[in-house]
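Hi,

Here is the structure I said I would pass on. Have a look first, and my notes follow below.

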Amino acid sequence: MLDAFSKAVVSADASTSCVSDLSGLKAYVASGNRRLDAVNAIASNACCMVSDAVAGMICENQGLIQAGGNCYPNRRMAACLRDAEIVLRYVTYALLAGDASVLDDRCLNGLKETYAALGVPTTSTVRAVQIMKAQAAAHIKDQPSESFAGAKLRKMGTIVTEDRCASLVAEASSYFDRVIAALS
Amino acid sequence: MKSVVTTVIAAADAAGRFPSTSDLESVQGSIQRAAARMEAAEKLAANIDNVSKEAYDACIKKYGYLNNSGEANETQVKKDKCLRDIKHYMRLINYCLVVGGTGPLDEWGIAGGREVYRALDLPTAPYVEALRFARTRGCAPRDMSAQALVEYNALLDYTINSLS
């Protein structure tokens, strides 16, 4: 497993040279608190994100919870919820590390083959991951609006960063995209 | 590669939980010191040739007998290899400064070092002298900031300890 720092070291060691270009790592350090807040935002809302994503996936494809569907008995539905949480957890680790190696090595490696062997439909899985991607972006951005929330709009404090952590939103989205690419 | 972040993630993963507040606190602690480490790493990377050369010269000056026939610093090829070894330690220290732990030194420098030096019949005292020279050569506002120098010296001390 690597993080942003050890990744730089391992690639410098491949050419036996020093790590001299530190601009990317300095950016990681400078935006360190934002990154930790983003990780915290996902970790604190994980249960809600997972159940909403799986519920959304089923709403769009009711066949999943009818006899013969892949979420039909509670046992399989529970496995589905568990898997969604595992994927979200490894994406959170990757976001904390600033590097996708932990996600690749410990979660995505062989996942597609496992799902193929178990007969899990990848299109539905991908849809759940897409919903989690949108949720993660929303939680990191933390920018609720009237148009989405309507009467339930609830403002959480004042704006902390003007750019709404755009780079972290993009980074988190890239990890979800990695999951989607690995499954399809 | 062991670092604060990977250790935290490995522990959280072993327990199967999301990163907790205390996990994030330990990462925050590492990030707070990172600015000084980055500065030291950058300065060392920019001057690694000079730093290594000075350290090498200092150890050959102290252990002049190494230039004698049959000793470790006898020929030009051997001289180049000695300098390369010192530079190798400096590069690993640069890596450790970047990672924020002693992982690179442990894995790529110290592990097996004793066996290699014994097999090649190399004395470790000159390495210690070279690193000790580098340890005293660094100067706070001139070379890097005080905090950066503390991080750099701590890793030199760690390497010296591993050799003695």
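How many helices and how many strands are there in chain B? Chain B has eight helices and zero strands, where helices (H or I, at least four residues) and strands (E, at least two) are DSSP runs numbered from the N terminus. From the N terminus on, its elements read α-α-α-α-α-α-α-α. Taken along the principal axes, the C-alpha atoms of chain B fill a box of roughly 60 × 40 × 20 Å.

Before the rest, some housekeeping. This is a predicted model, with local features needing pLDDT of at least 70 and side-chain atom pairs counting only at pLDDT 80 or more, while totals for chains, interfaces and linings use all residues. Residues are numbered from 1 along each chain as its sequence is written, chains are lettered from A and ligands numbered from 1 in the order in which they are written, and side-chain values use heavy atoms, with hydrogens and water left out.

Now chain A. Its secondary structure comes to ten helices and zero strands, and along the sequence the pattern is α-α-α-α-α-α-α-α-α-α. The C-alpha trace of chain A spans about 60 × 45 × 20 Å along its principal axes.

Over all chains there are 22 salt bridges, counting a side-chain nitrogen of Lys or Arg within 4 Å of a carboxyl oxygen of Asp or Glu. One of them joins Asp104(A) to Arg178(A), with the closest N and O atoms 2.8 Å apart. Asp104(A) sits in helix H6 of chain A and Arg178(A) in helix H10 (residues 166-183) of chain A, so this pair ties together parts that are 74 residues apart in sequence.

On to the interface. The size of an interface is often given as the accessible area lost when the parts come together. Here chain A and chain B bury about 3,000 Å² between them, 73% of it on carbon and sulfur atoms; buried area is the accessible area (1.4 Å probe) that two parts lose on being put together, summed over both. Met1(A), Cys18(A) and Tyr93(A) supply 19% of the area that chain A buries against chain B, more than any other three residues. The contact (heavy atoms within 4.5 Å) takes 36 residues from chain A and 31 residues from chain B.

Four salt bridges cross between chain A and chain B. Among them is Asp13(A) with Arg91(B), where the closest N and O atoms are 3.0 Å apart.

Which element gives the largest share of the side of chain A that touches chain B? That is H5(A), with eight residues. By class, this side of chain A has 22 nonpolar, eight polar and six charged residues. Nonpolar means Ala, Val, Leu, Ile, Met, Phe, Trp, Tyr, Cys and Pro, charged means Asp, Glu, Lys and Arg, and the others, Gly among them, are polar.

Finally, the one cavity of 30 Å³ or more. On a 1 Å grid over the protein atoms alone, a cavity is a set of points where a 1.4 Å probe fits but cannot get out, and lining residues have an atom within 4 Å of a point. Grid points are joined across faces, edges and corners, and a volume is the space filled by probe spheres set on the points. The largest cavity holds about 120 Å³ of space, and its lining includes Tyr56(B), Cys59(B), Ile60(B), Leu122(B) and Tyr127(B). H2(B) gives the largest share of that lining, three residues. Eleven of the lining residues are nonpolar, one is polar and none is charged.

Cheers

Notes:
On a 1 Å grid over the protein atoms alone, a cavity is a set of points where a 1.4 Å probe fits but cannot get out, and a pocket is an open set with protein on both sides within 12 Å along at least five of seven lines; lining residues have an atom within 4 Å of a point.
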